[in-house]
Amino acid sequence: MSSWDQTTFSLSPRSKGCYLVTNEVYDKVPQIKDYEVGILNLFLQHTSAGLTLNENCDPDVRTDMNTALDRIAPEGNHYIHADEGADDMPGHIKSSTIGVSLSIPITNGKLNTGTWQGIWLCEFRTYKHSRRIVATINGKKK
């Protein structure tokens, strides 16, 4: 029989950059350990940040990703939409590029990611923001 769990949580406030948040997700969604097999879906409730699965070891990758995204959508006054400042519209572009949700398999109570994969929060706004995530699990409990 299939079981469902859902919780909403906030990540620690962060300013612009790419951050490894895998351990924070485990802390905020302890139900993961209760599932023999399943899927964790993480949905970020914001339009100027993103979630991705990427390198979990070398922090230079996160710095390089932030730099690359700035080249794709640079800050400046060349956008029509700038209601919240020069980082507003670039944040929306980057959020749509990276995406706001992830689905990760659960196997034997753990996220079944690859060896070098971790969950990243990509924050695209200059000032610190606390971001909300809806975590939904569907699967077979142990």
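At 15% relative accessibility, Thr52 counts as buried, where buried means under 20% relative accessible area, exposed over 50% and partly exposed in between, with a 1.4 Å probe and protein chains only. The residue lies in strand S4; helices (H or I, at least four residues) and strands (E, at least two) are DSSP runs, numbered from the N terminus. The model is predicted: local features need pLDDT of at least 70, side-chain atom pairs count only at pLDDT 80 or more, and totals for chains, interfaces and linings use all residues. Residues are numbered from 1 along each chain as its sequence is written, and side-chain values use heavy atoms, with hydrogens and water left out.

Contact is defined as heavy atoms within 4.5 Å. Leaving aside neighbours within four places in sequence, Thr52 is in contact with Ile98, Leu102, Gly118, Ile119, Trp120 and Cys122. Strand S4 also takes part in an open sheet of 3 strands, ordered S2-S7-S4, in which the pairing is antiparallel. Two strands are taken to pair if DSSP finds at least two bridges between them. Strand S2 (17-20) and S4 are the edge strands, each pairing on one side only. From one strand to the next, the twist averages 30°. Between S4 and strand S7 (residues 117-123) there are 7 bridges, in the antiparallel sense.

The loop between S4 and H2 contains Asp58. This residue is partly exposed, with a relative accessible area of 34%. The Asp58 side chain reaches the backbone nitrogen of Asp60 at 2.9 Å. A polar contact is a pair of N or O atoms within 3.5 Å; within protein, one must be able to donate a hydrogen and the other to accept it, and residues adjacent in sequence count only if both atoms are side-chain atoms. Asp58 and Trp116 are 58 residues apart in sequence, and their C-alpha atoms are 9.3 Å apart in space.

In helix H3 (residues 88-98), the buried residues are Asp88, Pro90, Gly91, Lys94 and Ser95. Seen down the axis of H3, these residues fall within an arc of 155°, so they line one face of the helix; the arc is that of the directions from the helix axis to the C-beta atoms. Strand S4 (49-55) and helix H2 (59-72) are included in what covers them. After H3 comes Gly99, which has a positive phi near 100°.

Another open sheet has 5 strands in the order S1-S8-S3-S5-S6, with antiparallel pairing. The edge strands here are S1 and strand S6 (110-111), each of which pairs on one side only. Strands of a sheet pair through backbone hydrogen bonds, either parallel or antiparallel. Strand S1 (residues 3-10) and S8 are joined by 8 bridges in the antiparallel sense, and Trp4 stands opposite Asn138 in S8. S3 and S8 run antiparallel and are joined by 9 bridges, with Phe43 opposite Val134 in S8. S5 and S6 pair in the antiparallel sense over 2 bridges, and the bridge partner of Ile106 in S6 is Leu111. Asn108 lies in the loop between S5 and S6. At 53% relative accessibility, Asn108 counts as exposed. The phi of Asn108 is near 50°, a positive value in a residue other than glycine. Most residues other than glycine have a negative phi.

A nonpolar core is a set of buried Ala, Val, Leu, Ile, Met, Phe, Trp, Tyr and Cys residues joined through side-chain atoms within 4.5 Å. The largest such core holds 21 residues, of which Val25, Val29, Leu40, Leu42 and Ile119 touch the most other members. Two or more residues are given to this core by each of strand S3 (35-44), S4, strand S5 (101-107), S7 and strand S8 (132-141). S3 supplies the largest share, 4 residues. Apart from neighbours within four places in sequence, Val29 is in contact with Thr7, Phe9, Leu40, Ala135 and Ile137. A second, separate core of 5 residues includes Leu69, Trp120, Cys122 and Phe124.

Technical notes: Axes are lines fitted to C-alpha atoms, for helices over the stretch in contact, and angles run from 0 to 180 degrees between N-to-C directions.
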